[in-house]
Amino acid sequence: MDSDLFSRRRAARFAQLLDEANGGRRHHVRSRADDQLAALVAVGRRLTEERPDVEVDAEFRTGLRAMLVATAEREGVGAAAATTPETAPAGTRASLLGAVTARQVRARGAILVGIAAGAVAVSGISAASEDAVPGDALYGMKRSTERAQLALASSDLSRGQLFLDFARTRLDEAASLRGDLTGFRAVMDDMDADTRQGVRLLTTASAQRSDTAGLDAVNTFVAGQRQAVGGLLDGADRAERERTRRSLALLDAIGKRSDALRAAIACGLPTPVGTDALGPAPAACPVDR
C-alpha cells in the first residue's frame, strides 16, 4: 500500500468498510483500495470476535493512549464538537461549514481506529499468537496480522522482505509439525509460496531500478534459510525428506536467479528473456569479441 493510505478518500472508504463489517448500512460503491483495506478491517473483526485472554502491559497502554491523543489533536478529531457552526462567531460560520463535515471527522476517527487496532495486533494479541501453529485457536489471528502488515507496507521492497520473513516463520512452524505429514506438507507449501512471492517482488524491483539492494536481501535470505531447511532432514522420515528437498531445490534455483540478475545489472541489464514465479529471467550478457 502506498503513502496515500491515509488520504481523505481512503480514510472515508475505510470508515465505510468498518461500518459494513459491524452490521451497518451497506454502501453500494467499490474502491480500488478495498482489497488492501480489507486486511485491516479483518484484523479489527478478529480482535472483536476472538478476544484472547492477553494481559496488555501497562506501559504499552499508557504509550498507546498518548499516541492516540496526540494524533487526535493533530488531525482535529473532536474539534467539530468543541466548535460548531452554531456556536462559532458569525464571521467564521461559513468557513467551518466548508471545512468541517461529518465525513471528515468520521474518516479521521476511522484512522485512529485503524491505528489502535494495528497497535494492539502488533502488541499483546500478536505476541500471544506468535507461536501458534496450524490447528491452534490463534493461528488465524497470526495470519491476519501478517496480511495487515503487507497491506501497510509502503513499497514492493518492503513487501518482498515481509514475505521472506513470513517464509522464515513458516519454517519454524514446519519444525514443530514433524510427525504430522499433512500439516508439515501444508506449511512447507505455504513457506515456498511466501518465498516465491518475496523473491519475485525483490528481483523485479532490482531489475526495474538496476539496483542490487533487493538481490542482497534475497541472497541473505537464501543463505540462512537453506541451512535451516537442511536441518529438517535430520531424523526425518522418507516422505518428510522428499518434501524438504523440494524446498531446498527452490532455494538453489533462487540463488542462481539472483546471481544471474546481479551479473545482468553489472553489464547494463540486457532485455530479460521473460518472467516467471521468481521474477525476471535475465538474458546473458553480450560477450566481447
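Read along the sequence, the protein chain runs α-α-α-α-α-α-α-α-α-α-α-α-β-β, which amounts to 12 helices and 2 strands. Helices (H or I, at least four residues) and strands (E, at least two) are DSSP runs, numbered from the N terminus. This is a predicted model, in which local features need pLDDT of at least 70 and side-chain atom pairs count only at pLDDT 80 or more, while totals for chains, interfaces and linings use all residues. Residues are numbered from 1 along each chain as its sequence is written, and side-chain values use heavy atoms, with hydrogens and water left out.

**The chain as a whole**

- The protein chain has 289 residues, of which 41% count as buried. Buried means under 20% relative accessible area, exposed means over 50%, and partly exposed lies in between (1.4 Å probe, protein chains only).
- Among contacts between residues at least 6 apart in sequence, 65% join residues at least 24 apart. A contact means heavy atoms within 4.5 Å.

**Helices α10 and α12**

- Two packed helices are described by the angle between their axes and the distance between the axes.
- Helix α10 covers residues 181-209 and helix α12 covers residues 238-266; their axes come within 10 Å and cross at roughly 5°. Axes are lines fitted to C-alpha atoms, for helices over the stretch in contact, and angles run from 0 to 180 degrees between N-to-C directions.
- Helices α10 and α12 are therefore roughly parallel to each other. Angles under 35 degrees count as roughly parallel, over 145 as roughly antiparallel, 65 to 115 as roughly perpendicular and the rest as oblique.
- The residues of the contact of α10 with α12 comprise 12 nonpolar, 5 polar and 7 charged. Here Ala, Val, Leu, Ile, Met, Phe, Trp, Tyr, Cys and Pro count as nonpolar, Asp, Glu, Lys and Arg as charged, and the others, Gly among them, as polar.

**Residues in these two helices**

- T195 belongs to helix α10 and is buried, with a relative accessible area of 2%. Leaving aside neighbours within four places in sequence, T195 is in contact with L164, A167, F221, L250, L251 and I254.
- T244 sits in helix α12 and is buried, at a relative accessible area of 0%. Not counting residues up to four places away in sequence, T244 touches F184, M188, V229, L232 and L233.
- The side chain of T244 also reaches the backbone oxygen of E240 at 2.8 Å.
- A260 is another residue of helix α12, and it is partly exposed at 34% relative accessibility. A260 and A281 are 21 residues apart in sequence and 8.3 Å apart in space, C-alpha to C-alpha.

- The rings of F163 and F166 have their centres 6.4 Å apart and their planes at 80°, so the pair is edge-to-face.
- Rings of Phe, Tyr and Trp (its six-membered ring) pair if their centres lie within 6.5 Å; planes under 30 degrees apart count as stacked, over 60 as edge-to-face and the rest as tilted.
- F163 and F166 both lie in helix α9 (residues 156-176), 3 residues apart, about one turn of the helix.
- F163 is buried at 12% relative accessible area, and F166 is buried at 6%.

**A loop residue with positive phi**

- Most residues other than glycine have a negative phi.
- S210 has a positive phi of about 50° although it is not a glycine.
- S210 is found in the loop between α10 and α11 (213-230), and S210 is partly exposed, with a relative accessible area of 44%.

Definitions and conventions:
Polar contact = N/O pair within 3.5 Å; in protein donor to acceptor, adjacent residues only side chain to side chain.
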